Amino acid sequence: METLQEEERDVKPQVGPIPQAQALQAVSLGKSYFKVELMVGDEMENSSGHQLMLPFRQVHHQYAPLSTDYYVATPGLSFSIRVKLARPAKEGALYGARVYIDSGDTGEKYDYMVYKKWSNKKSQSEKDKDEDEGGIDASLADHYFYIGVGQKEHVIEGFYRSAQESQRFVFAEPPRTQKRKHDGEYRDLNTIGIIRIMFCKVVSFAKRGDHHDSSRIRKQAAVDSLLDKKIQMSAKPGSIVNHGRRVGKYRAVLSRNIVYERRLIYNTLGGFTAQQHTAFYSNRGDFYKGMPLKSLLDDRVRSLGIMAFFREVSAVRIDLSTEQRLTKSSLDKSQCDRVGTNDFVRVEDLVHYISRSLSPAGSYIISTGKRYRNEHTMDYGEKYVQKQGLTETKKLQNFALKEQGLVDFFLDHPGTYDLEGEGSNPRNRLKKNYKVRLVVLVVDSDSDSDSDSDDEE
């Protein structure tokens, strides 16, 4: 096994400017006491073995206590949600939350919809107040929970089954051939999933079985064995997990007033690219930073990822070229090196940028199209998600293999990329340097003109 010192000799120096690679940000609090994290893992293992998955995008409402996180889902991967009290609540105050699963719309006009109150029934008088007081949520929650005295954390394991059992969340990808009615029109069922967590204060406790309890909610239909055939959801029920909790005589009653809402929006790459208002996410390198390793193995993901990183390197050079021209124009225009909109980029610069942007396993998969294996480890010890915050030395491991993987990729896509090497056979790894650009289509206008004149004769 090569040591890191030996692999450092494999690393080529950077040739041209590349963007500053930024790590994904940890989940921020927004305007709240609560931290909400998505954890992923194998369906059959305990949620304590799940790993933290970071969102590729976080949006905090400018004025309201609402935050939205965006994740790339891998069908078949189990997930749970960890809720933490990030700072102590006020003395004597207890908080809980209603949990909504695939309840509510997603889209440009819904992303900033703010709910301030929950109601069993949304009356006309309540509807009339929406514009002045904010939205009233009349959706039916899957279940609710509260964080007890002295507790700082609660894990949402999955769909509600009973006070002691849940069915694990599993990312699903429902078929798009079915349609549903929405706003008076039928549209293709999309794969966007959304989990909404509405935090409220605990106002009292009631005996279990009291039907007048306004917080009483139904059991989720997810326990039905025919669920996948009956309803289409972006999260499907998995194995049953027993919480081992003792069920007391009383249960919490939550206030109707919503103090904070956290939304977790998740989708596959195909789902995001199919939606007009989310398709642009795949054009950004950040989209691939939080992606689970299994998703990166998809050929389409790899192809779109390489294109996204290539365009970002090209864009920073165009911006730099413009700045140079503005700076030097008063001195000597001939001294300004202009980078065109489709100039060549050295492949080793792409390797540097991809490696610094992703984890070692992530950059290896994107560059080579396969997982890293040796006699000691697989994927550099990464399991489900990409490791964050590693040193540059570790990120640049297996530089030569990544470079060769990209060279092979560009050679296999001659209709998209134009690759040039310092020899007649770029597949020969002894050839040191390669550069790439997008294929340029040249239209010979003179030939067209001649052809037109011949037809006229």
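The model is predicted, so local features need pLDDT of at least 70 and side-chain atom pairs count only at pLDDT 80 or more, while totals for chains, interfaces and linings use all residues. Residues are numbered from 1 along each chain as its sequence is written, and side-chain values use heavy atoms, with hydrogens and water left out. Helices (H or I, at least four residues) and strands (E, at least two) are DSSP runs, numbered from the N terminus.

- Three strands form an open sheet with antiparallel pairing, in the order S19-S21-S20, where two strands pair if DSSP finds at least two bridges between them.
- The edges of this sheet are strand S19 (345-346) and strand S20 (417-421), each of which pairs on one side only.
- Helix H12 (residues 399-411) packs on the sheet, where it touches S20 and S21, and its direction makes about 125 degrees with that of S20; axes are lines fitted to C-alpha atoms, for helices over the stretch in contact, and angles run from 0 to 180 degrees between N-to-C directions.
- Two antiparallel bridges join S19 to strand S21 (residues 434-438), and arginine 346 has lysine 435 of S21 as its bridge partner.

**Helices that pack against H12**

- Helix H10 (residues 360-368) packs with H12 at an angle of about 30 degrees, and the two axes lie 7 Å apart.
- In this contact (heavy atoms within 4.5 Å), Pro360, Ser363, Tyr364, Ser367 and Thr368 of H10 meet Leu401, Lys402, Gly405 and Leu406 of H12.
- Sorted by class, the residues in the contact of H10 with H12 are four nonpolar, four polar and one charged, where Ala, Val, Leu, Ile, Met, Phe, Trp, Tyr, Cys and Pro count as nonpolar, Asp, Glu, Lys and Arg as charged, and the others, Gly among them, as polar.
- Helix H9 (residues 347-357) packs with H12 at an angle of about 115 degrees, with axes 9 Å apart.
- Residues of H9 in this second contact include Val347, Leu350 and Val351, and those of H12 include Phe399, Leu406 and Phe410; by class, the contact of H9 with H12 has eight nonpolar, two polar and three charged residues.

**Two enclosed elements**

- Nine of the nine residues of H10 are buried, so this helix is largely enclosed by the rest of the structure; buried means under 20% relative accessible area, exposed over 50%, and partly exposed in between (1.4 Å probe, protein chains only).
- After H10 comes glycine 369, whose phi is positive, near 80 degrees.
- Strand S4 (residues 66-72) is also largely enclosed by the rest of the structure, because seven of its seven residues are buried.
- Both faces of S4 are covered, with Leu66, Thr68, Tyr70 and Val72 buried on one side and Ser67, Asp69 and Tyr71 buried on the other.

**The partners of S4**

- Strand S3 (residues 57-60) pairs with S4 in the antiparallel sense over four bridges, and the two form a hairpin with five residues between them.
- Within this pairing, valine 59 stands opposite threonine 68 in S4.
- S4 also pairs with strand S18 (residues 260-267), here in the parallel sense over seven bridges, and aspartate 69 stands opposite leucine 264 in S18.

**A loop residue**

- Aspartate 42 lies in the loop between strand S1 (34-41) and strand S2 (51-53), and it counts as partly exposed because its relative accessibility is 38%.
- Leaving aside neighbours within four places in sequence, aspartate 42 is in contact with His50, Ser78 and Tyr384.
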